Amino acid sequence: MTKGRKQAFHYNVEEYMRKLLLLVRISKPAYNKTLYQDYKIYMNRQKNFRDPKYNHGQHDKYEGAILRGPCDVKYFEDGKEKQVHLNNDGIMYKENNAYVFCMYEIEFNQKTYDKENNKFYHDISWDYIKPLWDEDGLEMMIIKNTSVFFKKFSEAADKERKNWAKGLVKYDLQDKLQDKAYFEKALKDDFESVYHKIDDYKEQKEYRLTINDDSGKDFFILPLENDNSLMFDFFTLEYGKNIIVEISNLEFDPQTNMPNRFSAELRYAEPVNPIETL
């Protein structure tokens, strides 16, 4: 996880960034257009994902959880000793005013790299797409130049004077909720609980952008510099179908042996609908 603050301090995630190739978002076209047309990031309040009104792929009663019962725990907060008692079904949450933008990450894997033809393949499974499906007309948006996108996000958040973070979700929360060290860390860190989920959601391979905002609104819209430098593909999904992404003409860093460049012309095995590119 990379974090930035008003007096910006950044953690080094260079090791992970060597693997990241593309970011994918499945949503209603109107929400995707907010980014690829208007250059604005529509961010949902994290705590809202605990609301059952969200579809199966979004709703998670453990979203933002930091402790699960049964337990009695003493802790210090704001210099005062406090105690929490949770019964068998009890859950304690971190109330951190976090707003998140959720994506699916595609990272390089040697197992699906065709060295002879210099092509990499990634299967976005229907198991990932199905829980998000709530109506016809869902759209898949692919962000192709991720480094440019990340730079725009951090600059925009700094301009708004917002604390921010970005990183890959870890699906280990079922263990973390019994870990006092995690509880104490999550109490102190506004972002820690954003980047851990239970393993029921591991198919999502989720990458999140996060900011803190104390407005209390259900969503936050972060405007990016609109210079038409971001590169997107987007198309309508078809029910029941996987998506095979083909990346070609990869160039590799000789030190890390990871791809650092590839063709912007991506190919998709599904759907048959026309693909639009920006």
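Two strands pair if DSSP finds at least two bridges between them. Helices (H or I, at least four residues) and strands (E, at least two) are DSSP runs, numbered from the N terminus. In strand E11, Val24 has Ile142 as its bridge partner. This is a predicted model, in which local features need pLDDT of at least 70 and side-chain atom pairs count only at pLDDT 80 or more, while totals for chains, interfaces and linings use all residues. Residues are numbered from 1 along each chain as its sequence is written, and side-chain values use heavy atoms, with hydrogens and water left out.

**Strand E2 and its partners**

- Strand E8 (residues 98-107) pairs with E2 in the antiparallel sense over 4 bridges.
- Within E8, Glu107 stands opposite Leu20.
- E2 also runs antiparallel to strand E11 (residues 139-143), and 5 bridges join the two.

**Aromatic pairs**

- The structure holds 19 aromatic pairs; rings of Phe, Tyr and Trp (its six-membered ring) pair if their centres lie within 6.5 Å, and planes under 30 degrees apart count as stacked, over 60 as edge-to-face and the rest as tilted.
- One of them is the edge-to-face pair of Phe108 and Phe252, at 5.7 Å centre to centre with 75° between the planes.
- This pair links distant parts of the chain, 144 residues apart: Phe108 is in the loop between E8 and strand E9 (113-114), and Phe252 is in strand E17 (residues 251-252).
- Phe108 is buried at a relative accessible area of 6%, whereas Phe252 is partly exposed at 28%.
- Phe153 and Trp164 have ring centres 5.7 Å apart and planes at 80°, so this pair is edge-to-face as well.
- Because Phe153 lies in helix H4 (residues 146-159) and Trp164 in strand E12 (residues 164-168), their pair ties together parts that are 11 residues apart in sequence.
- Phe153 and Trp164 are both buried.
- Phe108 and Phe252 also belong to a cluster, which ring pairs form with Tyr113 and Phe120.

**Charges over rings**

- The charged end of Arg50 sits over the ring of Tyr93, 3.7 Å from the ring centre (a charge sits over a ring if NZ of Lys or CZ of Arg is within 6 Å of the ring centre and within 35 degrees of the ring normal).
- Lys197 lies over the face of Tyr201, at 4.4 Å from the ring centre.

Note on methods
Buried means under 20% relative accessible area, exposed over 50%, partly exposed in between (1.4 Å probe, protein chains only).
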